[in-house]
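Q: Can you walk me through this protein? I'd like the overall picture, then some details.

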Amino acid sequence: MCYILLLTPEGISGEVLELGGEAMIPYLAPLLDKVMNNGTLPADWKRTIVVSVHKGGDLSLVTNYRPVSLTSVVCKQMEHVIESCLMQVWDKNAWLYEGQHGFRPGYSCESRVITVCQVIADSMDNGDRIDAIVIDFSNAFDLVPRDRLRMKIANSGVDSRVVAWVREFLLGRTQGVRVGGQLSEEVRVTSGVPQGSVLGPLLFLAYVNNIWRNIVSTIRLFADDCVIYRKMINNADIEKLQKDLDRLGEWAAENAMKINHVRQLALRGPG
């Protein structure tokens, strides 16, 4: 318990809120209400402490450790409120791309795999050929330009107070690394969505939400993992898929995303 308290930016662990239960509501509710209406966040809510967790193997090898970002547990309560507001609006106006399977209720990595595999299986049963391109974006969560992200959220139909809160949430963030009880000098984080936060994944979905526009082939995503595929009937389909890949590359350049690698699969059923 003490170890967790030391690592948390504001010195409060999740266990404190859990054990406090309903007794914490009179203290949290006025704070969250004030933060929402004033549009400002405490400095500790914008701090991230990165710690390393041993995955296994040789303790002396850096590659055997996984970085974990710790953020304010009190801020996370407010993030859940903002997340609910965003999802209510986006579900109502069907704003989020249907082919995005990441970090959404009713969607998952499994749902994307099942959907794509079913299409491939049906095509192969019919003796058709289907080409699929698997694309991965490099360091995508860290590269998101915050000004563009705020503009996309502002144009998604959400309340202006929520937009202002998200803007404040992203500005002035800092990050430090803790090793063996020692904390490094904190540095400013000027791009990307906060790792280890509740809102970070949803904000990333908002940023890449328009990736499918101008693409005629089918594109399915799980956060920053992308697969684009098309049934190949004639040479025109090959040209259409290539044009879609070109458009995807243009979208990546325009939105400051870097494509890490591409894998191509060509599958054909019997016949």
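Q: What share of contacts between residues at least 6 apart in sequence join residues at least 24 apart?
A: The share is 71% in this protein. Contact means heavy atoms within 4.5 Å.

Q: What am I looking at, and how are residues numbered?
A: It is a predicted model, where local features need pLDDT of at least 70, side-chain atom pairs count only at pLDDT 80 or more, and totals for chains, interfaces and linings use all residues. Residues are numbered from 1 along each chain as its sequence is written, and side-chain values use heavy atoms, with hydrogens and water left out.

Q: How many helices and strands are there?
A: The protein has 10 helices and nine strands. These are DSSP runs, numbered from the N terminus: helices are H or I with at least four residues, strands are E with at least two.

Q: How much of it is buried?
A: Of the 271 residues, 41% are buried. Buried means under 20% relative accessible area, exposed over 50%, and partly exposed in between (1.4 Å probe, protein chains only).

Q: Switching to helices. How do helix 7 and helix 9 cross?
A: Their axes come within 9 Å and cross at roughly 80°. Helix 7 covers residues 146–154 and helix 9 covers residues 199–207. Axes are lines fitted to C-alpha atoms, for helices over the stretch in contact, and angles run from 0 to 180 degrees between N-to-C directions. So helix 7 is roughly perpendicular to helix 9. Angles of 65 to 115 degrees get that label; under 35 is roughly parallel, over 145 roughly antiparallel, and the rest oblique.

Q: Which residues make the contact?
A: Helix 7 brings Arg148, Leu149, Lys152 and Ile153. Helix 9 brings Leu203, Ala206 and Tyr207.

Q: New topic. Where is Ser72?
A: Ser72 sits in the loop between strand 2 (65–70) and helix 4 (73–92). It counts as buried because its relative accessibility is 0%.

Q: What does the side chain of Ser72 reach?
A: It reaches the backbone nitrogen of Cys75, at 3.0 Å.

Q: Cys75 and Cys109: buried or partly exposed?
A: Cys75 counts as buried, at 1% relative accessibility. Cys109 counts as partly exposed, at 34%.

Methods: Polar contact = N/O pair within 3.5 Å; in protein donor to acceptor, adjacent residues only side chain to side chain.
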